[in-house]
Amino acid sequence: MSPTTAPRVSVVVSTYNRVDELRGLIGALEAQTLPADQFEVVIVDDGSTDATPTFLAELADHPTMTVTGMVNAVNSGPAVGRNNGVKAARADVIAFTDDDCRPVPEWLEEILRAVDGHDDRIVVGRVEPLPGHTFGPFTRTLRVDDAEYFQTANTTFPRAWFERAGGFDESYRRPGGEDTDLGLRLLEEGAHAVFAERALVRHAVSGNDLGGALRLARRWIDIGRVVRRHPQVRDTLLHRRLFWKRSHPPTLLAVVALAAGIGWRPALLGVVPWLYHRGVSSPAPHRSRREHLASLPGVFLVDVTEVATMVRASVRGRTLLL
């Protein structure tokens, strides 16, 4: 690709302290069926303290792909990282993915097929977990089967519309909500979203530990801001227009029941709906009945942490959700 020739699509990634995952992503991009002279890769290191800067320096001399590495001096969050990446990108089509993702070889070709020359089209591709992993009660991964929330694991924006909207709102300092907010803002301005079934990205399956699940549960504090800015998502994102997840109503009831049960034992029956939800209706993934029963206290703690996070999100976003 000559310095004066813009590629057809720019792949933009913001990364932080995950150099091993980043190596895997680069391998998947090297295998793209779209000719290498038709795309570029822009990677923003958001203040990593691992070997990411060294790896990015090595990529500057990549023999087949055009790879641009950038460094944020301090960790500022993925919204800032991605915005900086777009500023350095040259294409009119901006494809976002994450360092823990593995696009299939046809990914970029399918994205461009879905764009189909429309400069107002947002393309959301399918996301599914990487195969070959065993799921447990605290496993973390991602699935995307529609074009509703614009997860940056696999969403492509037209550059002109991205810039018109001012990019990602950089006041979102954590991952979670900034991508949905941008996509909804663009829809409200007249852009159109399409779902590309064959533009597949496989997402890492990480951890099966309670600590990681609790950290993830505390991450979603900006959801209230999304709901306040885009109240229509109460009909799609929230359960009964109030609860972030279906597990939250029985979790709230169980918390009240446990507190009341200290002085009045019959109140403990209020825990039954949560036990039914997590035991029968929507159990966490498990390998055995014994593992399922042993994980229930931890699963309850995660559910309670999520509800507490939603209370904080309500205050932060000045809108009620639980």
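Accessible areas here come from the Shrake-Rupley method with a 1.4 Å probe, and for residues only the protein chains shown count as cover.

**View 1. The surface of the chain.** This is a predicted model, where local features need pLDDT of at least 70, side-chain atom pairs count only at pLDDT 80 or more, and totals for chains, interfaces and linings use all residues. Residues are numbered from 1 along each chain as its sequence is written, and side-chain values use heavy atoms, with hydrogens and water left out. The chain exposes about 14,800 Å², and carbon and sulfur atoms supply 54% of that area. Of its 322 residues, 53% count as buried (under 20% relative accessible area, 1.4 Å probe, protein chains only).

**View 2. The largest nonpolar core.** A nonpolar core is a set of buried Ala, Val, Leu, Ile, Met, Phe, Trp, Tyr and Cys residues joined through side-chain atoms within 4.5 Å. Look for I43, W107 and L108: of the 65 residues in this core, they touch the most other members. Helix α4 (residues 107-115) gives the core its largest share, six residues; helices are DSSP runs of H or I, at least four residues, numbered from the N terminus.

**View 3. Around W107.** Which residues does W107 touch? Leaving aside residues up to four places away in sequence, its partners include V11, L29, F96, N154 and V201. Contact means heavy atoms within 4.5 Å.

View 4. In soluble globular proteins, nonpolar side chains tend to be buried together.

How values were computed
Buried < 20%, exposed > 50% of the residue type's maximum accessible area, 1.4 Å probe, protein only. Helix = DSSP H or I, 4+ residues; strand = E, 2+ residues; numbered from the N terminus.
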